[in-house]
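Keep the structure open as you read.

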Amino acid sequence: MKILVTGSAGFIGYHLVKALISRGDKVVGLDNINNYYDVNLKLDRLADSGIQADSIGENLKSRSIRYNDYCFLKVDLSNKTALHDVFKEEKFDAVCHLAAQAGVRYSLINPTAYIDSNITGFLNILECCRNFKIKHLVYASSSSVYGLNQNLPFSIHDNVDHPVSLYAATKKSNELMAHAYSHLFNIPTTGLRFFTVYGPWGRPDMALYSFTKSILDGKPIEIFNEGKMKRDFTYIDDIISGIVKIISVPAKVNPDWNALSPDPASSKNPFRIYNIGRGSSVALMEFVQEIEYNLNLVALKTFMPMQDGDVVETWADVTEISTEFDFNPKVSIKEGIKNFIDWYKDYYFKKTSF
């Protein structure tokens, strides 16, 4: 297949590009390389994929020096004309749309960035999929869409109409927009609700990365809701294995879908939603203790109240994705945290000394 991966300089996008190339796909990566977090980390991910920083320019295509079947484009999703030109030239079979303005807390500070990227940018992707007859659009949704829902584990068949952050609202909007395009233009769309993805090359604003850095720097870590939180932490390799399987299987109609009792996760159109997580919930303090164990250091802890836009617990019901795609997460929290910290020390050893 020839596949477009948006957000290819991002955490999940970087790993997905490498996995798709390894299985023999032709891949075009697209990213605007914004400064939401350390640009150098994004450039280093690209370099590890074969794209050198000095070859990246505005709308400049750069053939990978490591992989013959990978090229990268620096394009902003809000640039409708540039995006149209990419689709016209490359003629993709499938699109995996991972580019987005991430972060629940940042959406309280800079809401406009979420509308520009997550709404306008997604509309431009949908329009290109419509105009160029894309056979399958897979896109990133989020566990944050569950919002005030407290039915655990979170089920794709539950109502998700009560988000508690603008970020979550934009991800719910993406699912609604995708359904409209599946209905109107028969585009197979699959939305994946990610649950706290972690691992090597992860984002600096995520808990594992920020906690590790602060502990090594001798600075306190902020623990919200007095530590009484749980998350469905999912290791990156498990996430990627699921995405790769799903890309190859376009969403299909649900022949049993009933308009009198509508299932939110499927449709009479080629539209599907799946949770993609480990399927178990881990206490935040247990997570912190595992980081401390691997660093052989005790964290300085500042306990904070619950933050606006956050939820106490996430826990994915992965029944459907496990049944339909043989999705079977294998990496334990112990193994995953160790892998991340080994990577972190190796990566920053080249930049600093411990």
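**A walk through the model**

G277 sits in the loop between β12 (271-276) and β13 (282-283). Helices (H or I, at least four residues) and strands (E, at least two) are DSSP runs, numbered from the N terminus. The model is predicted: local features need pLDDT of at least 70, side-chain atom pairs count only at pLDDT 80 or more, and totals for chains, interfaces and linings use all residues. Residues are numbered from 1 along each chain as its sequence is written, and side-chain values use heavy atoms, with hydrogens and water left out.

Is G277 buried or exposed? G277 is buried, because its relative accessible area is 0%. Buried means under 20% relative accessible area, exposed over 50%, and partly exposed in between (1.4 Å probe, protein chains only). Leaving aside neighbours within four places in sequence, G277 is in contact with F195, D232, T234, A316, V318, F327 and P329. Contact means heavy atoms within 4.5 Å. D238 is 39 residues away from G277 along the chain, yet their C-alpha atoms are separated by 8.3 Å.

Now turn to the helices. Two packed helices are described by the angle between their axes and the distance between the axes. Here axes are lines fitted to C-alpha atoms, for helices over the stretch in contact, and angles run from 0 to 180 degrees between N-to-C directions.

Start with helix α1 (residues 11-22) and helix α7 (residues 236-247). Their axes come within 10 Å and cross at roughly 60°. α1 and α7 are therefore oblique to each other. Angles under 35 degrees count as roughly parallel, over 145 as roughly antiparallel, 65 to 115 as roughly perpendicular and the rest as oblique. The crossing of α1 and α7 is right-handed. A crossing is left-handed if the near helix is turned anticlockwise from the far one by less than a right angle, and right-handed if clockwise. From α1 come F11, I12, H15, L16, A19 and L20; they meet I236, I239, I240, I243, V244 and I247 of α7. The contact of α1 with α7 has 11 nonpolar residues, one polar and no charged. Ala, Val, Leu, Ile, Met, Phe, Trp, Tyr, Cys and Pro count as nonpolar, Asp, Glu, Lys and Arg as charged, and the others, Gly among them, as polar.

Next comes α6. Which of its residues are buried? They are L208, Y209, F211, T212, S214 and I215. Their cover includes α2 (39-48), β8 (197-198), β9 (221-223), α8 and α10. After α6 comes G218, with a positive phi near 75°.

Take α8 as one partner. The axes of helix α6 (residues 207-216) and helix α8 (residues 284-295) come within 11 Å and cross at roughly 45°. That angle makes α6 oblique to α8. α6 passes α8 in a right-handed crossing. L208, F211, T212, I215 and L216 of α6 make this contact with L284, F287, V288, I291 and L295 of α8. The residues of the contact of α6 with α8 divide into nine nonpolar, one polar and no charged.

α10 is another partner. The axes of α6 and α10 come within 11 Å and cross at roughly 55°. α6 is thus oblique to α10. This crossing of α6 and α10 is right-handed too. On the α6 side are L208, Y209, T212, K213 and L216; on the α10 side are I337, F340, I341, W343, Y344 and Y348. The contact of α6 with α10 has nine nonpolar residues, one polar and one charged.

I291 links these partners to the core. Leaving aside neighbours within four places in sequence, I291 is in contact with L208, F211, T212, I215, I337 and I341. The largest nonpolar core has 104 residues, and I12, L16, F87, F194, I243, I247 and I291 touch the most other members. Helix α10 (residues 333-349) gives the most to this core, with eight residues. A nonpolar core is a set of buried Ala, Val, Leu, Ile, Met, Phe, Trp, Tyr and Cys residues joined through side-chain atoms within 4.5 Å.

Last, some backbone details. The peptide bond from L152 to P153 is cis, with omega near -5°. P153 lies in the loop between β6 (136-142) and α5. N186 is not a glycine, yet has a positive phi of about 60°. N186 is exposed, because its relative accessible area is 57%.
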